[in-house]
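Hi everyone, and thanks for coming. Let me put the structure up on the screen so that we can walk through it together.

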Amino acid sequence: MPPAQGAAVGHPDDASSRARRRRPTNLGHRSLMENSKRRARAWPRGKRAAPDLAWLELAARQALETRDNVAAIPESGCANALFPARHTDTPAHGDRQLAVVQDVLARLAGCSGDNGLVAHGLLQHLLARRGGEAARIGRSEAYGLEGLNQRLSAGMGETGDAMRAGDFIGFMLNRYGPARLLGLARELAAGLPLDAASRMATGHPAAMLELQWAHSLPRDSLSHGMRAFGRWILAMLRPYWALCLLLAGGLLIQAFYAMLMPIWLHRLFDHGITPHRTDVVEQTLALLAGGFLVSACAGIAVDLGVSTLGPRALNDVRERAFDRLLALSFRHLGRYKSTTLVSRLTSDMHAIESATISIIPSMALKLVMALGALAAAVALDWHMALATVLLFGASMWAPRRLTQYAVLATHARKSTESRLTAFIKETIQMLPVIRALDISGHRREQHRTHLQALRTAARRHHLLGELTGRMTGFALSGAQMAVIALGAMLALHGTVSSGVVVAYIGLLLELGSAANGIAEQLSGLIHALSCWQRIESLLQGPIDSSTDAPALPKPVGEPISRVSLSDVSFSYAGDRLDLDGVSLETPLPRRIALVGPSGSGKSTVLNLMSRTYDAISGGIAFDGIDIRDLDSRALKSAIAMVNQDNTLFDGSIRYNIRLGRLSAGDTEVEQAARTAEIHDFILSLPQGYDTEVGEGGRLLSGGQRQRIVIARAILRDPQILLLDEATASLDAEAEVAISRTLAHIGARRTVLSVTHRLASCPAMDLICVFRNGRLAETGTHDELLQRRGTYHDLWEKQSQIEIAESGKGADITLQGLRRIPLFAATPAEDLERIQGRLRVVEVQAGSVLIEEGSRAGNFYIIARGEVESSVRTSTGAAGVMEILEIGDFFGEFALLEDVPHPTTCRARLPCLLLSISREDLQDVASLDHSSAEQSAMERAIAATLDRRLDAKLARTLEERGRGSARMPRGPAG
Ligand SMILES: Nc1ncnc2c1ncn2[C@@H]1O[C@H](COP(=O)(O)OP(=O)(O)OP(=O)(O)O)[C@@H](O)[C@H]1O
């Protein structure tokens, strides 16, 4: 997401100075685009000579260097005109500038169009090269190219997908060179499916590329494969070695029987039936029956043992996995969707359990029986035994390539399935928003894309799984027939007796059934193997450094009297700095406000201070001791954080508060609830503190939930209270009440409060203003106002809006209205009338205020909350254009007749808005407009347009402004 440009609205001076600042960058961007267009034109499609990699890299570097210049694009709106909407639909990677660069690259490579894999991969690959990084994915992640391409083309890729695409591009360049890579890109851009494009460009099917790609990756610590899986299972079973020995005994008995049976059959025929020896026949039959009984009992014992051992050992694994999950770093976990994580620890684990309990023991049995049968075969006749070993070995070895494909296909299917699960979960959660936005059709389309990917993946998975089993079966039958034929020939030549041939038939049946059984179980084992690989790649991630105790933990000061941030930088995704060289030193306790536009890094500071993440350079210190050297438990109990998210745990109110300090008694819990001003409400409930809050706390209101979260924080009695827009998700009334409670609680301690509303700032001891990840200004309210910088601008914008004590009403001053460029030239008396007609509208988070393409009839000014302005992209996804904050306005198109609104405006948080309809404005403000004034207003609207929308739309409106479109006219007009 681009840094929000709250200043999209503001003083005309600001607008012009910003425009001055941006002009050169836009020009830079334009010239780059024109350059790239010229180059693209210079290469006729189809016969185009592929540029070499060095050239492409040079161009990419140029594009990346202009990344800063591209920063102005979302506002200047020229990007859409140059590149049809595609770059706006990449919120998955959160960086529009990169998306624009990516488009540039795709064009330079001559493969612009609906091309996911190469366009995304090329950019990611070049970024990684630029950062001097090696391949960042494990071998187990190189799978599912088709799905990867589909997702990236549809703008539905996850962060990990771009990384995989980047790695794939690296592989393609190394193995096939830039010409073939670009050939692939062009075929894809021409609309060929990946498989066909891959055949055209490289002569191989996509599945082969996938396999080669997987093999190109170095074997890392996750050196996956059957051997590693086998070692892992042995390690898991080690604590239960005694039981394992008993099981092995049971298996050996069965194998022994399998070995003896053909020998006894040989005896029956050659020494009993042929010479008519009744005693030998009776003895041998008794042996066969006795052996069968013993072997059957051993089999039952093995079943019992396995069903005891499997779940026990698997529970150990589940426990270790859960422990690891609790400790994994957020940066690593951020690569996965929550549903993916759930499926790793549930269904994937289940697949491993079924492998451990049924597949592996049964395969082990079959294997041991096969070995026993082979030993018997050698005892009967070594010629035939040698032929059997060779033929059976070859038949098991032949389909190994198919097995590798099957592993990848299983992997791809699982991952496609978990994406579909995540999508369905999100749809269920967001159903009210989906209906409100009327985007069911769009979601249906996305669902169809998921289903299509699943269909392809499932087909490959089933086909390859079945084929692997069947091919092995065919090969085994062939081997059996060949051995029998050999036996018959040898018998005819008198080399072996007919009893040996009969015994061999039994032996071959035994061997065949064992090998078939192994082949059949193989797909289950492959599935379990890929599940294990997925679990491993999750759990082998780095652990959260805050759970990693320092060698000599230092105590936390009581009280902490100083905090210092020294040149702190941080990045979430590793591709840009989200916090850039922040330095600050201040004595404590103090009340500190962190303010600035959305996305400027305020919450990140709190995340670093609470050690949710650690800085990548620089450090934070309390009383001169780096927080990484402090005793992490003591640090965590010295700090409490309250943020917007007030989701509760399923359980009672008492349980939820007590989570703040598990050792707290009931009296302390109640005291905390009293301080959070929720005690009386709790007592008014029939079950009091034992009232169940429901899933996520849905049985309580947002304000009540937030008070419970505050009570939980108070129970820790923290020295430092971190408030991250703690009241932003509440309605206006609850916000006012809870802000009062928080002010009361924070009076005695250090409070760091991230806030968008500056009303509380004058009472703060220190205000830190953030902009683009940097600390732009610090000081008290008065100092910052005198400095006339960012804070001054924000304050000027917000201070003109007043919210009533009750939180229900709002007002804007005449000066505030005058700051809106549209009203810059409106006469004072008209402005007063506009002010009088403004209505207060309160809306919930998620409400759509203006729908893209609709003929909106209201103009809005934000008094509280945040509104997101977005456009529907070519893929149907919403591309966020701008985050509008307090003092910003939207809906100015409503003031022009018959102009469809170019964006969708949706409340991100509960909002209080001041609104005026077009009719009201016509009534009060344009009764006797002179044409000069009218055109000034039109110009102001066009100027806002230019900042916010794409150039194409801006041009259309400009034309309308000159032609048919007219400002609202009063009766006299
Ligand atoms: N978990 C995350 N993973 C990746 N990027 C993130 C994550 N959280 C924040 N960011 C990015 O880091 C940057 C700073 O975010 P941060 O939340 O600190 O901003 P902020 O000023 O608190 O914004 P807001 O006022 O909207 O909460 C933004 O560009 C944001 O997109």
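Which residues come nearest to the ligand? Of the 16 residues around the ligand, the nearest are Y572, D578, S598, S603 and T604. A residue counts as near a molecule or strand if its C-beta atom, placed from the backbone, lies within 6 Å of it.

Before we go on, two words on what you are looking at. This is a predicted model, where local features need pLDDT of at least 70 and side-chain atom pairs count only at pLDDT 80 or more, while totals for chains, interfaces and linings use all residues. Residues are numbered from 1 along each chain as its sequence is written.

Back to the ligand. Its shell has five nonpolar, nine polar and two charged residues. Here Ala, Val, Leu, Ile, Met, Phe, Trp, Tyr, Cys and Pro are nonpolar, Asp, Glu, Lys and Arg are charged, and the others, Gly among them, are polar. Helix α23 (residues 602-609) gives the largest share of that shell, three residues. Helices (H or I, at least four residues) and strands (E, at least two) are DSSP runs, numbered from the N terminus.

Next, the sheet. Four strands form an open sheet in the order β2-β1-β4-β5, with antiparallel pairing. The edges are β2 (579-587) and β5 (625-626), each with a single partner strand, so one side of each has no neighbour in the sheet. Strands count as paired if DSSP finds at least two bridges between them. Strand β1 (residues 562-570) and strand β4 (residues 617-622) run antiparallel and are joined by five bridges. For instance, S564 has A621 in β4 as its bridge partner.

Let's move to the helices. UniProt, in an unreviewed entry, places the feature "transmembrane region" at residues 240-265, 285-306 and 367-392. Those positions are given in the numbering used here, feature names are shortened, and annotations may be inferred rather than shown by experiment. In the model, residues 240-265 are 96% helix and 0% strand, with end C-alpha atoms 38 Å apart. Residues 285-306 are 100% helix and 0% strand, and there the end C-alpha atoms lie 31 Å apart.

Now find L314, in helix α14 (residues 278-327). Is L314 buried or partly exposed? L314 counts as partly exposed because it has 19 C-beta neighbours inside 10 Å. The scale is this: buried means 20 or more other C-beta atoms within 10 Å of the residue's own, exposed means 12 or fewer, and partly exposed is in between, with C-beta atoms placed from the backbone. Leaving out residues up to four places away in sequence, L314 touches I352, E353 and T356; contact means C-beta atoms, placed from the backbone, within 7 Å.

In helix α16 (residues 338-345), T340, S343 and R344 are buried. They sit on the same side of α16 because they cover an arc of only 105 degrees around the axis, taken from the directions from the helix axis to the C-beta atoms.

Finally, some backbone details. Most residues other than glycine have a negative phi, and most peptide bonds are trans. Yet the peptide bond from L588 to P589 is cis, with omega near 0 degrees, and P589 lies in the loop between β2 and β3 (591-595). E725, not a glycine, has a positive phi of about 45 degrees. N772 also has a positive phi, near 50 degrees, and lies in the loop between β9 (766-771) and β10 (774-779).

Terms used:
Two residues are in contact if their C-beta atoms, placed from the backbone, lie within 7 Å.
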